[in-house]
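Here is a short briefing for a first look. Keep the sequence and the 3D view open while reading.

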Amino acid sequence: MGLKGNAAIVGAAQYKPEKYATAPRMFHLEQVADLAARALADAGLQASDLDGLVINGPQFHEASVFVPAMAAEYLGMKLNFAEVVDLGGCTSVAMVWRAAAAIELGLCQAVLCVLPARMAPFGPDEDPSWMARAMRFGGHSTAFGAPEAEFDLPYGHMGQNTGYAMIAQRYAAQYGYDAAAMAKIAVDQRFNAQFNPEAMFYGQPLTVEQVLASKMVADPLHVLEIVMPVAGGAALIVASKEVAARARNRGAVVTGFGEHLEFKSPSYADDMTRTPVGPASDRAFAMAGLKPADMHAAQIYDCYTITTLLTLEDAGFAPKGEGMRFVRENDLTWRGNFPMNTHGGQLSFGQAGSAGGMSQVIEAFHQIAGRAGDRQLARCDNVYVSGTGGVMSEQGALILQGA
Amino acid sequence: MSTNKPMPAPTEISAPFWAGLKEQRLTLPQCQACGHWIFYPRRHCDRCYSHDLKWQDVSGSGTLYSFTVARIPTLPDFADEAPQKLAVVELDEGVRINTTLIGLEEGEIKIGMRLKPVFDTVNREGDTLLRFTGIDKDVAPRRFDAPQAVEQVEEQAPRRQIRVDDAEALHALVSDEFTAWSNQIVVDQALIDEFARLSGDDYWIHTDPERARKQGPFGGTIAHGALVQVLMSRLKVPFEHEIVGFTNMVNYGSDRLRFPSPVPAGSRIHSRGRVKAVEIGKRGTQLTLELNIHVVGSERPAVINDLVVLYM
């Protein structure tokens with residue numbers, strides 16, 4: 001089972017995260033073309049090399065169906081492989097393995113994985129309040145017959161904060177809770193962001209005291225433990241060995257992946273504190289023939305500090321119930337013994353919709369390629385990347401290795 | 001309670017569940033093939049996929065699986081429940097239910113505690129939600145035959161009198177601290193409709209609940225900002241001082257007037273204030289009061305009004 005290591009990430013592009021109010025407005029098709037051109041330039045490849053596309057279906061501005069065909073036509077691509085992914089924050093990780101699998105099956109040679117996440121210009125007849133309407137219920141469906149519309153929304157269960165908070169509360173009841181250790185996750189990542197001029201919180205260091213003094217949103221989560229939504233967008237190119245040989249960067253070879261989902265609301269999980277990233281990571285490590293201890297860096301999806309904590313445990317970096325001790329006893333900064341979210345994580349980099357998770361994949365690629373600037377790790381051949389969508393409902397893991 | 005809260009729309013599949021709640025019963029489908037209990041209602045067993053299910057009444061007793069206290073309303077319409085005690089309850093039959101806890105203080109809530117159901121009828125039509133409380137608690141049902149009770153401010157001790165020409169005492173009133181909250185009043189659709197007629201502002205976002213639910217950004221109608229602003233006259237802010245020794249007092253207008261958040265129809269509002277500035281001049285004494293009106297439970301004001309009062 002699995003990949004043979006014949007596909008690698010060879011190029012990437014990412015908009016600097018910006019506040020929605022001041023970010024440029026671009027059509028999603030336009031963003032896709034712009035990001036594609038930048039990623040090709042980054043890889044040192046030609047437009048004619050691309051013959052695969054993986055794109056978001058949901059939240060694509062100019063179409064809700066036939067998205068790949070519209071994008072292929074707009075860009076001028078001839079595709080042998082087209083795919084949409086609808087896995088929230090897990091989308092980026094899921095895109096990469098789908099692209100790698102398609103390449104290894106011989107369907108295609110170079111795949112553009114792209115997630116536009118700047119807002120589009122308003123049309124002349126467009127009612128700007130659609131955004132407010134769309135945002136009102138977070139990721140919750142209001143459709144007739146949608147279980148969450150009928151059984152969650154009337155009670156005020158909506159958005160992401162309270163779901164993650166309830167997971168953290170359950171964890172606390174089962175294993176204990178150290179608020180300062182949780183704050184340290186955000187603080188160590190903020191340290192990393194001080195070496196990343198692209199990060200939203202570059203130039204703004206943070207202390208544990210500041211995190212603990214910040215507003216409580218939903219017990220036990222403080223506002224500084226919660227990701228900030230920003231405008232952005234990202235793309236990367238996954239290519240076959242043959243194409244990768246022509247690219248100008250050291251490739252990040254996809255040697256393992258896994259994916260797992262069982263529910264939308266974590267309330268229905270067998271055990272709220274054992275998350276789907278566990279089975280996803282087990283599969284990824286087994287496929288790559290590596291162990292957590294073999295990793296030189298971990299780029300762990302961090303919409304909330306609790307997401308990171310549970311991934312550290314469930315992926316096998318720390319024993320179950322000992323994640324907070326692990327955080328206390330290890331230096332998670334890029335200078336430390338356990339480099340994690342070396343770009344600042346989304347907590348400090350910013351979360352551009354589902355493209356937020358691509359920041360973690362791109363950072364893994366940059367570290368492997370030796371292009372991480374002031375925060376470059378001395379040695380970085382093996383990197384673990386995770387993705388999380390919904391409320392720890394859709395999770396995936398990648399193992400990337402230097403070519 | 002805000003009338004814009006999302007309400008369940010029962011389907012053919014779930015109808016017996018909601019009908020049961022109206023009759024103060026909890027009924028759930030149980031798989032006749034494997035015995036598995038099913039929540040939320042489906043036509044199949046989510047363990048063995050059998051379609052041989054039977055509705056059965058259960059006691060509703062269970063334990064608290066997890067909870068959180070939401071310090072920021074998950075939707076502005078839930079401000080009246082703030083802080084919301086959102087919970088996952090595991091029934092003795094094994095199913096988990098997303099719900100809210102009522103009749104429990106924050107300190108009393110512990111994961112693993114025993115709970116019992118509260119069949120909470122939320123409107124005149126009898127729509128009933130399934131909430132939970134402590135096994136030893138009693139939660140009185142809501143009543144819809146009488147107008148909603150309004151919390152009254154306790155009769156205050158005599159207020160400190162300050163003469164309108166006592167510059168030192170007046171300047172000492174200026175503070176960053178707000179007073180306690182005023183009494184509360186309900187801004188319902190009838191009041192909004194009256195104001196629409198009076199002012200001529202009958203924009204649908206205020207007056208057409210059906211259209212506002214479907215097309216509006218707030219899931220229902222909201223009060224006019226101007227209406228909420230003038231309702232200040234009905235909100236008694238408990239300032240500790242009283243200005244005396246003047247012949248005339250006039251409302252001189254506002255230095256700043258903002259409507260930062262909506263007031264959904266059916267919301268309760270209250271107010272608090274502070275003395276922002278004092279100026280003593282030839283015309284008289286001028287007090288600038290910052291008077292903020294909030295939906296009860298909401299930290300973000302619905303109205304910010306820097307009101308200038310002139311004493312002559």
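Predicted model: local features only at pLDDT ≥ 70, side-chain atom pairs only at ≥ 80, totals over all residues.

**Strands in chain B**

- β12(B) and strand β13 (residues 285-295) of chain B run antiparallel and are joined by eleven bridges.
- The two form a hairpin with four residues between them. In the turn, B:Gly284 has a positive phi of about 150°.
- β12 (residues 267-280) of chain B also pairs with strand β9 (residues 185-187) of chain B. Three bridges join these antiparallel strands.
- In that pairing, B:Arg268 of β12(B) stands opposite B:Val186.

**Chain A overall**

- Chain A has 14 helices and eleven strands.
- Along the principal axes, the C-alpha atoms of chain A fill a box of roughly 55 × 55 × 40 Å.
- Of the 403 residues in chain A, 59% are buried.
- Take the contacts in chain A between residues at least 6 apart in sequence: 78% of them join residues at least 24 apart.

**The sheet of chain A**

- Nine strands of chain A make an open sheet with mixed pairing. The order is β3-β2-β4-β7-β1-β8-β11-β10-β9.
- β3 (81-85) and β9 (297-299) of chain A are the edge strands, each pairing on one side only.
- On average, neighbouring strands of this sheet are turned by 25° against each other, direction ignored.
- β8 (residues 252-261) and β11 (residues 394-402) of chain A pair in the antiparallel sense over nine bridges. A:Val254 has A:Leu400 in β11(A) as its bridge partner.
- Helix α3 (residues 91-104) of chain A lies across several strands of chain A, including β1, β2, β3 and β4. The helix runs at about 165° to β4(A).

**Nonpolar cores**

- The largest nonpolar core has 155 residues. Among those with the most contacts inside it are A:Val96, A:Val111, A:Leu236 and A:Leu400.
- α3(A) gives the most to this core, with nine residues.
- A:Leu400 touches residues including A:Ile9, A:Val254, A:Phe365, A:Ile368 and A:Val385, not counting residues up to four places away in sequence.
- Another core, of 22 residues, lies apart from the largest one. Among its residues are A:Ala149, B:Phe218, B:Ala223 and B:Val263.

Notes. Residues numbered from 1 in each chain as written. Chains lettered and ligands numbered in written order. Pairing = 2+ DSSP bridges. Axes fitted to C-alpha atoms, helices over the stretch in contact; angles between N-to-C directions. Contact = placed C-beta atoms within 7 Å. Core = buried A, V, L, I, M, F, W, Y, C linked by C-beta atoms within 7 Å. Buried ≥ 20, exposed ≤ 12 C-beta atoms within 10 Å, placed from the backbone.
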